[in-house]
Amino acid sequence: MATLLRTPAGRRADALVERVADSPALLLADRPEPAVTQRADPSAEPLAEEPSRALALSDAIAIRSGPGEALIRLAYRLGVPGHALAMPFRRPPPLRVLATVDSPNRGDRAAGTALRAGHFLVHGARLPIASIDFAPAARHAPGVERVLHSFSWLADLAASAPRADGSAVAERITGQWLHGNREPGKGQAWDVEFAGLRLVAWLVHAPLVLAGNDKGLKSRVLAAIADTAAWLDRKAPRESAGFGQVAGWAGIVAAGLLLPNGRPRRLFGEAGLVKALGDMVGEDGGVLSRCPAAQLDAIRLLTDLIACYDAAGITPPAALAVMRELLVPPLLALRHGDGMLGSWQGQGAICADRVNAVIEASGVRTRPLVTTASWGYQRVKTGETLLQFDTAPPPRARHARVGCASTLAFELSDGPQRIIVNCGGAALAGGQVPARIGQGLRATAAFSTLVLDNANSTAVLLNGQLGKGVETVEVERRIVAGKGREATRIEAAHDGYASRYGLTHQRILTLAGDGTELAGEDILVPSTKTGKRGKIGFALRFHLGRGVEVQLSPDKRGASLLLPDGRLWQFRLGGDRAGADAITLSAEDSLWVDGEGRPHATEQLVIEGLALRSGGQFSWRLRKTG
């Protein structure tokens, strides 16, 4: 039996209402993980999917309100001040934060300790606080700007020391930031995503920045909170769909919960937030940027926001808790045996401690999602071997965060040891990874897949954006007979090279039921009835995990892969050479970026040759021998 589907960049949920309304998070159970989650008639036609916005959560779990609340929401959206709607004919109360938030999210203790020692720790790079320019004209690496302007460092500081010890540092940095950003809306600090995250951070960690003895700073921070909330009221509705818009609406809701006379703002923000979540997340719970870091950030943000509801003594909309439950299983699908995430869409291998902390704080207990039809990452786990396979187009331009041309790449791990990886780390460039290297880490050659003519399967543009390339990926997943146990076979094909070279790349991966063998087949199929003449260069790249030692066989058609813990895998080319000549197998230098942004020198196996423009077929095998 097989699951056959066609995966464009996004899909709208057809039966989401019933699934979301009736299905809480699936509790963990002591039983083997199923190999296939969906079954369909293999003779059926591929499903035609509507490439519209993905998960219409607002259609599934609309915020139900009476005529009074609807009228308040409309009036606030039209510009009527919140205090005039909440307490008409009365003077507005003094500005203050109404409650102390106790969020279960915890920051990075090492980064907080670095702050107390006088510097930011961003992607492994140490940046002295005294030398940071917070002015709008200042330019920093994207990762540095995110930390500085989102105030995510407040959580790190709170995790590293008691409030009394961290307050002075928080006041110092906040004072410098306020001095450099006096005018709302000017400079990178006023990106909607940064502003929304900053507002939530100020409110969640208010005691760190408001409990000191500097009354002047306290009044300035409160004024900045009010100004940021008012600015987001205007800007968040006009922000394009994605995590930035969600962060903007979350800031509005948090301000509505924790500032005086905030009910009109909260009602306004809740409606916008639910719609924004629906536009950001696919039907299977994966964010449409297809970025694991964005998935992690979304879970963390919702946990902070629900903590704000708890502090205010208000029940949050059911949509927020349900969305958080939907977000967790796809994230777990990208976790390898070492607990770290796979390197997808520009991210490094995010560390296990960070992933575990966010999942634990969410309170959601569930199993990994095996087949993510909309998000596009297939997961197969047999024995101790785990396969992750990218079977979807890259994110659309409006959703791309740090878009990468990774279609049909895969990662493979054996227990805690990574065998085949992707380079990762493009989003972490500017720290220990040089910024000029970041663009190359987004290319198809930085992933374990096939490259034609040294060209990307999808055009890689500047500023994280993507151009033309893969539009459709057809996927078939089935259980097939294997040696002793059934094997899982996934067949996928993309059209990224069709318009330029007249060839479609098809990849078939079959993982044995005991996890000891992965058979692969890469096929170039003419995209038209009459194939082109001539030959074209191709390369099949297999980036190896950190610490894997490579030794090529004497005939140069195989290699031994010794893992750091002594496990041994053998790589071998297939006997057929259909459609190509002069195929070579070589070991070359490569690069792998960990979750902290540190680059590590590694190696890669490369199969190269000339393929006929009329098509070709290349098989290979990975087998565990010790």
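Analyst: Helix 14 passes helix 15 in a left-handed crossing, a term that applies if the near helix is turned anticlockwise from the far one by less than a right angle, clockwise being right-handed. Helices here are DSSP runs of H or I with at least four residues, strands are runs of E with at least two, and both are numbered from the N terminus. This is a predicted model, in which local features need pLDDT of at least 70 and side-chain atom pairs count only at pLDDT 80 or more, while totals for chains, interfaces and linings use all residues. Residues are numbered from 1 along each chain as its sequence is written, and side-chain values use heavy atoms, with hydrogens and water left out.

Two packed helices are described by the angle between their axes and the distance between the axes. For helix 14 (residues 292–312) and helix 15 (residues 318–333), the angle is about 150 degrees and the axes are 10 Å apart. Axes are lines fitted to C-alpha atoms, for helices over the stretch in contact, and angles run from 0 to 180 degrees between N-to-C directions. Helix 14 and helix 15 are therefore roughly antiparallel to each other; angles over 145 degrees count as such, those under 35 as roughly parallel, 65 to 115 as roughly perpendicular and the rest as oblique. On the side of helix 14, the contact is made by Pro292, Gln295, Leu296, Ala298, Ile299, Leu302, Thr303, Leu305, Ile306 and Tyr309. Helix 15 contributes Leu320, Ala321, Met323, Arg324, Leu327, Val328, Pro330 and Leu331. Contact means heavy atoms within 4.5 Å. By class, this contact has 15 nonpolar, two polar and one charged residues, where Ala, Val, Leu, Ile, Met, Phe, Trp, Tyr, Cys and Pro count as nonpolar, Asp, Glu, Lys and Arg as charged, and the others, Gly among them, as polar.

Helix 16 joins this picture. Its buried residues are Ala352, Val355, Val358, Ile359, Ala361 and Ser362, and they pack against helix 14 and helix 15. Buried means under 20% relative accessible area, exposed over 50% and partly exposed in between, with a 1.4 Å probe and protein chains only. Just after helix 16, Gly363 takes a positive phi of about 75 degrees. In the loop between helix 15 and helix 16 (352–362) lies Gln347, which is buried with a relative accessible area of 8%. Leaving aside neighbours within four places in sequence, Gln347 is in contact with Cys291, Pro292, Ala293, Gly424, Gly425, Ala427 and Leu428; Pro292 also takes part in the contact of helix 14 with helix 15.

Glu145, Arg146, His149 and Ser150 of helix 6 meet Glu193, Phe194, Leu197, Arg198 and Ala201 of helix 9. These residues divide into three nonpolar, two polar and four charged.

Phe151 lies in the loop between helix 6 and helix 7 (153–160). Phe151 is buried, with a relative accessible area of 1%, and its phi is near 60 degrees, a positive value in a residue other than glycine. Most residues other than glycine have a negative phi. His123, in the loop between strand 2 (119–122) and strand 3 (125–128), likewise has a positive phi, of about 50 degrees.

Thr228, in helix 11 (residues 215–235), is buried with a relative accessible area of 1%. Beyond its neighbours within four places in sequence, Thr228 contacts Trp190, Ala195, Leu199 and Trp202.

Not counting residues up to four places away in sequence, Asn456 touches Ala405, Ala443, Thr444, Tyr497 and Arg500. The side chain of Asn456 reaches the backbone nitrogen of Thr444 at 3.0 Å.

For the chain as a whole, the secondary structure comes to 18 helices and 19 strands. Buried residues make up 57% of the 626 residues. Among contacts between residues at least 6 apart in sequence, 71% join residues at least 24 apart.

Definitions and conventions
A polar contact is a pair of N or O atoms within 3.5 Å; within protein, one must be able to donate a hydrogen and the other to accept it, and residues adjacent in sequence count only if both atoms are side-chain atoms.
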